[in-house]
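Please take a moment to look over the sequence and the model shown here.

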Amino acid sequence: MMTRLFSPLDLRDTTIPNRVMVSPMCQYSCEQRDGLATDWHRTHLGSRAVGGAGLVMTEATAVEPRGRISPEDLGIWSDEHADALRPITEFVREQGSVPAIQLAHAGRKAATSRPWDGHDPLGPDEGGWAVVGPTDEPWPYEGEAPPTERLSVEEIESVIDSFRTAAERALNAGFEVTEVHAAHGYLLHEFLSPVTNTREDDYGGDFEGRTRLLREVTQTVRDVWPDEKPVFVRISATDWLPDRESWTLDDSVRLADRLGVDLLDVSGGGIHPDSRPEQAGPNYQVRYAERIREETDLQVGAVGGITTPEQAEALLANERADLAIVGREHLRDPYFALHAAETLDATEEVESPPQYRRAFGF
Ligand code: FNR
């Protein structure tokens with residue numbers, strides 16, 4: 001049977017061999033707190049490439065040290081960081097998958113301990129640092145918040161520059177796709193949303209001002225990324241805060257075509273502790289991707305609550321999205337794509353690792 005899930009997706013000159021993407025997921029596993037990829041990242045990302053996913057995306061990879069969520073996050077702020085990532089991109093390619101990197105800055109949500117250590121803000125004596133945002137208003141922590149500094153226009157320019165050099169290094173490390181992380185309440189989302197951006201200068205105020213930083217970052221990344229390779233952006237399609245002035249799905253539709261990207265990765269929420277999904281369970285964010293797809297010329301990726309092959313196939317076949325982005329199910333099952341090929345009777349359409357063929361029966 002010809003499936004949609006195992007049909008290739010062509011973006012510029014890049015062919016993604018199937019439409020399963022490993023969603024970016026922080027591993028909090030740079031034990032030395034230096035942002036350098038470790039054996040954990042090589043094994044984790046490598047396994048998912050062996051497992052058949054068409055595109056394997058790294059976790060949020062910080063463009064500068066203060067842009068890490070936790071001190072154990074991956075970074076790409078020096079050539080040494082690119083060198084540590086290169087074996088991963090080579091291995092992912094050897095498996096027939098496309099290596100992709102999510103470039104990120106955590107803004108005012110940076111400098112916290114990892115989830116299994118409590119996800120609390122870290123003071124300077126615990127390895128924390130002063131975090132930055134569109135204003136000096138901190139994330140509303142229950143306890144004491146770390147000092148939050150408002151970025152000046154000169155500092156904003158330096159953040160844009162950090163994205164530029166990060167993209168250059170990502171290319172040098174062998175990545176094929178780069179994704180700008182503008183979702184989940186991190187720095188670029190903090191500028192988009194009126195909940196967090198109350199600036200009155202060129203980077204705040206109206207829709208034009210609030211979207212300026214993301215548009216400039218995306219343009220900068222696009223400028224250094226080769227013409228034949230795709231750029232993605234991940235957004236939170238809505239803040240899920242209908243009771244106040246916030247970023248809405250209408251705003252996302254309005255912004256989407258102006259970003260000049262090849263694919264929009266459509267997520268949601270994260271800007272404030274009150275932000276809660278409108279819907280839970282399977283496909284809980286797919287309708288945002290669907291609406292953006294309908295109203296723009298963009299290809300879109302849907303993420304959130306996609307856990308079964310049938311579900312992934314249906315949302316693609318019904319033209320609700322172009323790429324099925326699978327997060328937590330990939331933590332449960334690194335071989336999600338190979339299992340999906342078996343379930344959907346699509347084993348002819350997928351390259352399986354010869355080492356594992358006897359087990360998978362194809
Ligand atoms: C995430 N998520 C996430 N998102 C992102 O854009 N960058 C990131 O680094 C991370 N890190 C991360 C770590 C872990 C452990 C989880 C579970 C999630 C969000 C993730 O990519 C995805 O959008 C959500 O998990 C929803 O998709 P699933 O899990 O329902 O398929």
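In which sense do strand S3 and strand S4 pair, and over how many bridges? In this predicted model, strand S3, residues 20-22, and strand S4, residues 55-62, are joined in the parallel sense over two bridges. Within this pairing, Met21 has Leu55 of S4 as its bridge partner. Helix H7, residues 286-295, packs on the sheet, where the helix touches strand S10 (263-267) and strand S11 (299-303). The direction of H7 makes about 175° with that of S11.

In general, the strands of a sheet pair through backbone hydrogen bonds, in either a parallel or an antiparallel manner. Here eight strands close into a barrel, and their pairing is parallel. The order around the barrel is S3-S4-S5-S8-S9-S10-S11-S12. From one strand to the next, the twist averages 25°.

The ligand may be considered next. Around the ligand there are 20 residues, of which Ser23, Met25, Ala60, Gly327 and Arg328 come nearest. Strand S4 supplies at least two residues of this shell, and so does helix H9 (328-332). Sorted by class, the shell comprises eight nonpolar, eight polar and four charged residues.

A UniProt record, an unreviewed entry, places the feature "domain: NADH:flavin oxidoreductase/NADH oxidase N-terminal" at residues 5-344. This span is 33% helix and 16% strand, and its end C-alpha atoms lie 9 Å apart.

Finally, the protein chain as a whole contains eleven helices and twelve strands. Its radius of gyration is 19 Å, close to the 21 Å given by the globule rule for 362 residues, and the chain is therefore as compact as a globular protein of that length. Taken along the principal axes, the C-alpha atoms of the chain fill a box of roughly 60 × 45 × 40 Å.

Notes. Residues are numbered from 1 along each chain as its sequence is written. This is a predicted model: local features need pLDDT of at least 70, side-chain atom pairs count only at pLDDT 80 or more; totals for chains, interfaces and linings use all residues. UniProt positions are given in the numbering used here, feature names are shortened, and annotations may be inferred rather than shown by experiment. Helices (H or I, at least four residues) and strands (E, at least two) are DSSP runs, numbered from the N terminus. Two strands pair if DSSP finds at least two bridges between them. Axes are lines fitted to C-alpha atoms, for helices over the stretch in contact, and angles run from 0 to 180 degrees between N-to-C directions. Two residues are in contact if their C-beta atoms, placed from the backbone, lie within 7 Å. A residue is near a molecule or strand if its C-beta atom, placed from the backbone, lies within 6 Å of it. Ala, Val, Leu, Ile, Met, Phe, Trp, Tyr, Cys and Pro count as nonpolar, Asp, Glu, Lys and Arg as charged, and the others, Gly among them, as polar. The radius of gyration is taken over C-alpha atoms; the globule rule is 2.2 Å times the number of residues to the power 0.38.
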